[in-house]
Amino acid sequence: EALAFEPVSVMDKEVVPPSGDKHDYMSMGPYWWPDPDKPDGLPYIRRDGEVNPDRDKYDNASLSPMCGHVATLSLASYLLNSDMYAEHAALLLRTWFLDAETRMNPHLEYGQAIPGICDGRGIGIIDTAGNFTKLADALGVLTEADVWTEADAAGMQAWMGDYLTWLLESETGKDEARQHNNHGTYYDMQAIALSLLTEQTDVARSLAEKVAEVRIATQVEPD
């Protein structure tokens with residue numbers, strides 16, 4: 001199934017982000033629906049627990065399976081000692097992250113937008129949390145494959161480094177870091193994984209040292 005998965009990119013979506021640049025990732029909040037009492041449906045209203053199928057028209061519908069398949073292919077390449085799997089993983093990664101015509105810009109300013117309310121939210125960063133953490137592991141495994149070149153590795157490290165900088169320094173990223181629920185936990189997980197991937201161990205250590213007090217202590221009762 002992973003070998004048969006065709007390359008996807010942010011350029012595939014029909015919706016154009018507010019920036020006018022399709023290289024910018026965009027998704028829509030899952031629980032938001034058109035207001036039936038408004039002629040244009042705007043602003044959208046929340047229906048908790050009910051996912052709007054229109055969400056699948058955005059980049060999240062491609063990102064998650066692509067990352068999952070890259071993780072599978074990288075492991076298959078290593079465990080079965082076959083470059084066939086690594087070669088397809090490399091194609092998927094180059095298409096989404098590295099090729100000039102199809103690459104995603106390294107930010108999530110338009111993650112989980114709500115039509116009529118906002119163009120994007122810090123909450124949208126959860127779109128990449130599990131996905132990019134998987135990729136951090138997959139990229140480590142792919143270094144064993146001949147078809148994954150030094151240029152590929154350097155390109156991915158640079159892309160993830162730029163994304164991590166945005167995650168840590170942008171107002172959108174800081175907003176997600178302040179969340180006290182699963183969003184905050186996933187933010188830490190992702191930021192630490194990408195810090196280690198980009199060899200910024202001081203950043204990873206700083207983030208990890210805060211986890212006990214800021215995350216765990218607030219989510220686990222003393223008893």
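Arg-47 is partly exposed because its relative accessibility is 32% (buried is under 20%, exposed over 50%, partly exposed in between; 1.4 Å probe, protein chains only). This is a predicted model, in which local features need pLDDT of at least 70, side-chain atom pairs count only at pLDDT 80 or more, and totals for chains, interfaces and linings use all residues. Residues are numbered from 1 along each chain as its sequence is written, and side-chain values use heavy atoms, without hydrogens and water.

Arg-47 pairs with Glu-50 in a salt bridge, with 2.9 Å between the closest N and O atoms (a Lys or Arg side-chain nitrogen within 4 Å of an Asp or Glu carboxyl oxygen). Glu-50 is also partly exposed, at 39%. The whole structure holds 10 salt bridges.

## A link between helices

Asp-152 and Arg-94 form another salt bridge, with closest N and O atoms 2.6 Å apart. The pair joins distant parts of the chain: Asp-152 lies in α4 (150–169) and Arg-94 in α2, 58 residues apart (helices are DSSP runs of H or I, at least four residues, numbered from the N terminus). Asp-152 is buried at 8%. Arg-94 is partly exposed at 25%.

## A nonpolar patch

Leu-75, Tyr-78, Leu-79 and Leu-80 make a nonpolar surface patch of about 470 Å² (nonpolar side chains joined within 5 Å, from residues with over 30% relative accessible area and no salt bridge; areas by the Shrake-Rupley method with a 1.4 Å probe). Leu-80 sits in the loop between α1 (60–79) and α2 (83–98). Leu-80 is exposed, at 54% relative accessibility.

Technical notes: Patch = residues over 30% accessible without salt bridge, like charges linked within 9 Å, V, L, I, M, F, W, Y side chains within 5 Å. Helix = DSSP H or I, 4+ residues; strand = E, 2+ residues; numbered from the N terminus.
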